[in-house]
Amino acid sequence: MPIRLNNVTHTYSEGSAFQATAIRGVNLTIEDGEFIAVIGHTGSGKSTLVQHLNGLLKPTDGQILIDGEDLNGEKTDRRRIRQKVGLVFQYPEYQLFEETVAKDIAFGPKNLGLSDEEIDQRVRRAMAHVHLDYDKYAERSPFELSGGQMRRVAIAGVLAMEPKVLILDEPTAGLDPKGRDRILSMVRDLHAQGGVTVIMVSHSMDDVARLATRLIVMSKGEVVATGTPREIFRQVEMMEKIHLGVPEAAKLCAVLREKGIDLPDDLYTPDQLREALLAKWKEVSPC
Amino acid sequence: MDERIKVDQVSFTYEEGADPALTSIDMKVQPGEFVAVLGHNGSGKSTLAKLLNALYIPTEGAVIVCGLDTRDESRVWDIRQQAGMIFQNPDNQIVATVVKEDVAFGLENLGVPTEDMPARIESALAAVRMNEFADSAPHMLSGGQKQRVAIAGILAMEPSVIIADEATAMLDPSGRKEVLDTVRRLNRQKGITVVWITHFMEEAAQADRVVVVNQGRIARMGSPREVFQHIDEMRDLHLDVPHMTALAAELRKGGMPIPQDVLTVEEMAQEVCKLLCPSD
């Protein structure tokens, strides 16, 4: 179910003294199976943009088509679309409320009116996706868990709806490096093995360099660039001008090229740089 | 000279009977030092921060800040004036509707005479380069700007120590940089001692010293160069090393003689250049 945005604009508090346009004239198509990273600094409109994709916000102008259907059309069943487009908010663990992990994850599927057996299956599958052992955690209170575990419970709650498109708004904020890795490798698996389209808002250029198939770069409410990490991260000057910067590996690549080392201009991960540098080293190394 | 902060055999337990959050911590911070504290979620590093300005009192042992014992209730306000704390969420730290009034809040609590306030507020806002926003509404500011206002609020109290508990966790890369740069400048120019708790290895790489906390104990302490050489150990502790340190290890494995203690892009570029740059 491709997602298409036609000239989408959103103005908060239109007509009041606090009127502010958060996104302006956004045109985008997101195809099935993409892993999209939305990047841009605070206030650039990233969260506003993704909250449109499951109908949480309505554009003040323009149109959003999901699978060809107008998301905000009069006859559209938005509830059904929300099941297919799951949104994980920033700090989603603040929204946990049930007595046990299993009940919290089951909350969404229960509202779908599924059988108890189907709900149980979905809870088990969702917990497996986020690497939480069912026997160990299902009956625990979510509030006894660590921050990283609580966040995984919250994500499992969205996964239990079995969405086709998964949107995550800064899913690793505030986590330690191990917690960040766990969340990211889980998202990568959902994309690679589960066939889920992923749209992830992130502040970490190094993470998106590793994971995303395409980047959407936002600045001041507009999409200023879109392309593969390779295409975007070679534009070091543009990325620095909008205060985003590039991954450390891309920065190193640019500095080494300036110093006269003959490297391609489109290396952006540590692995690519390691290979290119070792190849160069072999050329000059005496033995 | 005496140390700014002395943590002497400190243990801390939240509730009687519970496992201790911290056990037998010994740590000293010298005047003017910039110390980063690393540790995974739940390792006890925030508990440690809160012990440093008497938000918590040790269950065992003592915390001495600028010569003041945090167990002495009569000196709590002196300690908090000496050791100001910035927290993670910029929105939870702003109390007033105008930036300069927010900075004044701490001064009012200290009983600073009203006529002395404007000068102190102005110099505090200038120090974090926010003076042009003195009359702005805090909610119109970016996250990084809000954190700088929070820092100004602390600076107005003329502290000798700033404790930052993941002050950059909720900020974007440019906000993170502006807050860290601000604190580093205050450290260098005003000699303010800094305890910087973070999950970002690249930030810790800029500190004079790194303290690694694990399961309520200090697992390692040393310069960033020493600490980040222990790549496997850091990853076992659910932490990491700066990207360039990890790349250095990979290049060494491939036979390229890059020193293992590289921390930054600039250092890495220099080392690579020694081996590969065209000689002219």
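**Helix crossing in chain B**

Modeller: This is a predicted model. The axes of helix H3 (residues 99-110) of chain B and helix H5 (residues 143-155) of chain B approach within 7 Å, crossing at roughly 40 degrees.

Colleague: What makes H3(B) oblique to H5(B)?

Modeller: Angles under 35 degrees count as roughly parallel, and 65 to 115 as roughly perpendicular. The crossing is at roughly 40 degrees, so H3(B) is oblique to H5(B). The crossing is right-handed.

Colleague: Which residues make the contact?

Modeller: H3(B) gives Val99(B), Asp102(B), Val103(B), Phe105(B) and Gly106(B). H5(B) gives Val149(B), Ala152(B) and Gly153(B).

Colleague: How do the residues of this contact divide into nonpolar, polar and charged?

Modeller: Five are nonpolar, two polar and one charged. Gly counts as polar and Asp as charged.

**Domains in chain A**

Colleague: Which domains does the assignment give for chain A?

Modeller: The domain assignment lists domain 1 (3-246) and domain 2 (247-287). Their centres, taken over C-alpha atoms, are separated by 34 Å.

Colleague: How do you know that domain 1 of chain A is in contact with domain 2 of chain A?

Modeller: Residues are in contact if their C-beta atoms lie within 7 Å. Ten residues of domain 1 of chain A are in contact with nine of domain 2 of chain A.

Colleague: Which elements give two or more residues to the domain 1 side?

Modeller: Helix H8 (205-211) and helix H9 (229-233) of chain A. H8(A) supplies the largest share, four residues. By class, the domain 1 side has six nonpolar, no polar and four charged residues.

Technical notes
Residues are numbered from 1 along each chain as its sequence is written. Chains are lettered from A and ligands numbered from 1 in the order in which they are written. This is a predicted model: local features need pLDDT of at least 70, side-chain atom pairs count only at pLDDT 80 or more; totals for chains, interfaces and linings use all residues. Axes are lines fitted to C-alpha atoms, for helices over the stretch in contact, and angles run from 0 to 180 degrees between N-to-C directions. Angles under 35 degrees count as roughly parallel, over 145 as roughly antiparallel, 65 to 115 as roughly perpendicular and the rest as oblique. A crossing is left-handed if the near helix is turned anticlockwise from the far one by less than a right angle, and right-handed if clockwise. Two residues are in contact if their C-beta atoms, placed from the backbone, lie within 7 Å. Domain bounds come from an automatic or database domain assignment.
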